[in-house]
Amino acid sequence: MPLTDKQIQTLKKNNEKSREITRQNIQEAFIQLYKQHGNTDFTISDIIRKSGVARSAFYRHYRTKNDILMDIVQRSVDEISGQIGLRLSKRSEEHTSELQS
């Protein structure tokens with residue numbers, strides 16, 4: 001019996017969540033190793049071991065340690081940009097309310 005559209009969407013969401021969890025585990029392992037060593041003087045094998053992911057899973061997400069670092073930086077920038085956007089939006093709403101009063 002073929003899968004319904006709803007079942008297919010559920011599987012896709014579960015796969016996306018699984019991929020995100022794997023990426024987070026790899027990033028957390030990278031950060032822990034970076035803090036431990038004070039630099040990037042550790043190997044991809046160290047990251048794989050620390051993160052508990054399969055080597056193939058690691059390479060599905062990243063090719064190099066630099067790729068992980070760039071992903072961490074980009075996520076941080078995105079998070080900060082989002083926070084700034086929310087604050088600016090809130091200030092704009094407050095300013096508009098004051099002008100309408």
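How many residues does helix 1 have, and how far does helix 1 reach from its first C-alpha to its last? Helix 1 has 33 residues and reaches 48 Å between these two atoms, close to the 48 Å expected at 1.5 Å a residue; the expected span is 1.5 Å times one less than the number of residues. The structure is a predicted model, in which local features need pLDDT of at least 70 and side-chain atom pairs count only at pLDDT 80 or more, while totals for chains, interfaces and linings use all residues. Residues are numbered from 1 along each chain as its sequence is written, and side-chain values use heavy atoms, with hydrogens and water left out.

Helices are DSSP runs of H or I with at least four residues, numbered from the N terminus. Helix 1 comprises residues 5-37. Its buried residues are T22, I26, Q27, A29, F30 and L33, where buried means under 20% relative accessible area, exposed over 50%, and partly exposed in between (1.4 Å probe, protein chains only). I8, also in helix 1, is partly exposed, with a relative accessible area of 32%. Together with L3 and L11, I8 makes a nonpolar surface patch of about 250 Å². Such patches are made of residues with over 30% relative accessible area and no salt bridge, nonpolar side chains (Val, Leu, Ile, Met, Phe, Trp, Tyr) being joined within 5 Å and like charges within 9 Å. The areas come from the Shrake-Rupley method with a 1.4 Å probe; for residues, only the protein chains shown count as cover. Helix 1 is followed by G38, which has a positive phi, near 75 degrees.

Helix 2 spans residues 44-51. I44, I47, I48 and S51 are the buried residues of helix 2. These residues lie on the same side of helix 2, because they cover an arc of only 100 degrees around the axis; the arc is that of the directions from the helix axis to the C-beta atoms. An α-helix has 3.6 residues a turn, so residues three or four places apart point the same way. I44 counts as buried because its relative accessibility is 17%. Leaving aside residues up to four places away in sequence, I44 touches R55, F58, Y59, R63, T64 and K65, a contact being heavy atoms within 4.5 Å. I44 and G85 are 41 residues apart in sequence, and their C-alpha atoms are 36 Å apart in space. After helix 2 comes G52, whose phi is positive, near 80 degrees.

Side chains of opposite charge can pair when their charged atoms come close. The structure holds four salt bridges, each defined as a side-chain nitrogen of Lys or Arg within 4 Å of a carboxyl oxygen of Asp or Glu. One of them joins R75 and E20 at 2.7 Å, N to O. Because R75 lies in helix 4 (residues 65-100) and E20 in helix 1, this pair ties together parts that are 55 residues apart in sequence. R75 is partly exposed at 29% relative accessible area, and E20 is partly exposed at 25%. R23 forms a salt bridge with D71, with the closest N and O atoms 2.6 Å apart. R23 lies in helix 1 and D71 in helix 4, so the pair ties together parts that are 48 residues apart in sequence. D71 is buried, with a relative accessible area of 14%. D71 also forms a salt bridge with R75, the closest N and O atoms being 3.5 Å apart. Both D71 and R75 lie in helix 4, four residues apart, about one turn of the helix.
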